[in-house]
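Okay, everyone, thanks for coming.

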Amino acid sequence: MSYDRAITVFSPDGHLFQVEYAQEAVKKGSTAVGVRGKNVVVLGVEKKTVAKLQDDRTVRKICALDDNVFMAFAGLTADARIVVNRARVECQSHRLTVEDPVTVEYITRFISSIKQRYTQSSGRRPFGISSLIVGFDFDGTPHLYQTDPSGTYHAWKANAIGRSAKTVREFLEKNYKEEHMESDTDTIKLAIRALLEVVQSGGKNIELAIMKRDESMKILVQEEIEEYVTAIEKEKEEAEKQKKKT
Amino acid sequence: MALANVLQSESVDFSNYGRKCRGFTSSLYETELGLESVGGDNLSFAVRTACSDGDGSERKIQFLHGTTTLAFKFQHGVIVAVDSRATAGAYIASQTVKKVIEINPYLLGTMAGGAADCSFWERLLARQCRVYELRNKERISVAAASKLLANMVYQYKGMGLSMGTMVCGWDKTGPGLYYVDSEGNRVCGDLFAVGSGSMYAYGIVDSGLKQKDLTVEEACDLGCRAIYQATYRDAYSGGQVNLYHVHSEGWNRVSQSDVLLLHQQYQAEKA
């Protein structure tokens, strides 16, 4: 009487166990965080330490879908590769038929539809990834969406997925300030600070990508990340000093 | 039949393009790229029309190409002017044909060629545009609407469709005007005239558009006059001049003028 055998079967209390197990797989993946600022959108991922002989350029968790949209994921890398491929083709198909770049909502809806289709066909299992999709629409509005293995999607101001996502999300809720989103540096700093909460050994294990309005995605180099990290640590020290004084 | 496929499947729906286009490096060099992307079940679209003779050569269906339709962009939108005569050879079948199809409150399509083809495909386009609007919570652009129509009829290229239409509208990029036909042409432009009387109409509009910044009234008058001149010289155009104006809020029907009355009016002005 196990209800997790075939994907198409509901359990008596209304669960789709395969989908929930897929969400567990996501929770095992490395953390990804996304923040939507006013003029910039930021995605940061935790970089797993690579083996000595491994070329770390092949482990890219942030992928550009088009000039105006990019995404990061948490979960099974192989599944993500398939989803990213389909999304990239769809972005171009959309440009071909509609003569306009995709809106972030459209491509999110497309990815979610794919994921949902796999929760409702026989012989297939759901995709084991959650993704954070960010970008700017044709009219310049920034967006951040999160999708999960069940095929639902929601828009967020800031969110985290993967390992310790809950901790990071709580940090974001405490520290997200609308006024700070006006400044690009503050938005980026928030993303880095959120990641630093859960990533061991600081800036070396963070990969960050940003996109400013009307510019293409930029992956920050290690030195730039270190700059932000040192600035953040300085601010932390000052805050501590202030606390001690009062 | 092919029609059932078009109506039942989620045809020309964006999500299907992604599915079919995957792994298509080989089919890039094949001509059925257009066919492949429609119809969830890979049924071939090779439907032979029923009117082929015993020896395999197909009899051509007589279409009503006699018409004059005209559309041009100007500062305040798009003017669409058409005649209303339908002919079958030398026989005037009707003097009151509606050659402007109202796709939706902000998109118009004109009809030249096969009347059934035009009205059917444009109504199908209207359905597709509405679905787009519901899915994406914003109006479809004129470029996208004309692309949808062009892609729809391209699948039937060579099967005897006859349609030469102008898709006119106003979207977030301003006034839009596209010429789409059953050969697969899709062209963006500022001025198009389609039909047997098009040359006469071009003459009038080309000389009238020289002056920049027409007012709405001047543009309407120009469109009216152009169609009138075409009906004057072309035997296959006549009836009434139906005039539409597309602006930022949508389209509205400006006038319907009988050609004979126009003739008398212009003659009086000359005197």
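**Salt bridges and sheets**

Let me start with A:Glu182, which counts as partly exposed at 45% relative accessibility. By that I mean the class between buried, under 20% relative accessible area, and exposed, over 50%, using a 1.4 Å probe and the protein chains only. Before I go on, the housekeeping: this is a predicted model, where local features need pLDDT of at least 70, side-chain atom pairs count only at pLDDT 80 or more, and totals for chains, interfaces and linings use all residues. Residues are numbered from 1 along each chain as its sequence is written, chains are lettered from A and ligands numbered from 1 in the order in which they are written, and side-chain values use heavy atoms, with hydrogens and water left out.

So which residue does A:Glu182 form a salt bridge with? The partner is A:Lys38, and the closest N and O atoms are 3.6 Å apart. For a salt bridge, a side-chain nitrogen of Lys or Arg has to be within 4 Å of a carboxyl oxygen of Asp or Glu. This pair links distant parts of the chain, 144 residues apart: A:Lys38 is in the loop between E1 and strand E2 (40–46) of chain A, and A:Glu182 is in the loop between helix H4 (165–175) and helix H5 (184–198) of chain A. Those labels are DSSP runs numbered from the N terminus, helices being H or I with at least four residues and strands E with at least two. A:Lys38 is partly exposed too, at 44% relative accessible area.

Next, A:Arg95 and A:Asp66, with their closest N and O atoms 3.0 Å apart in a salt bridge. A:Arg95 sits in helix H2 (residues 77–98) of chain A and A:Asp66 in strand E3 (residues 62–66) of chain A, so the pair ties together parts 29 residues apart in sequence. A:Asp66 is buried at 11%, while A:Arg95 is partly exposed at 30%.

Over in chain B, the side chains of B:Asp83 and B:Lys99 meet in a salt bridge, 2.9 Å from N to O. Buried or exposed? B:Asp83 is buried, with a relative accessible area of 0%, and B:Lys99 is buried at 4%. Over all chains, the structure holds 23 salt bridges.

Now the strands. In chain A, strand E1 (residues 32–36) runs antiparallel to E8(A), joined by four bridges; A:Ala32, for instance, has A:Ile161 as its bridge partner. Strand E8 (residues 158–161) of chain A is covered on both faces: A:Ala158 and A:Ala160 are buried on one side, A:Asn159 and A:Ile161 on the other. As a reminder, side chains in a regular strand alternate between the two faces of the sheet.

Chain B has an open, antiparallel sheet of five strands, in the order E10-E1-E2-E11-E12; strands pair if DSSP finds at least two bridges between them. Strand E10 (191–194) and strand E12 (250–258) of chain B are at the edges with a single partner each, so one side of each has no neighbour in the sheet. Inside that sheet, strand E1 (residues 69–74) and strand E2 (residues 77–82) of chain B pair over six bridges, with B:Phe72 partnered by B:Ile79 in E2(B).
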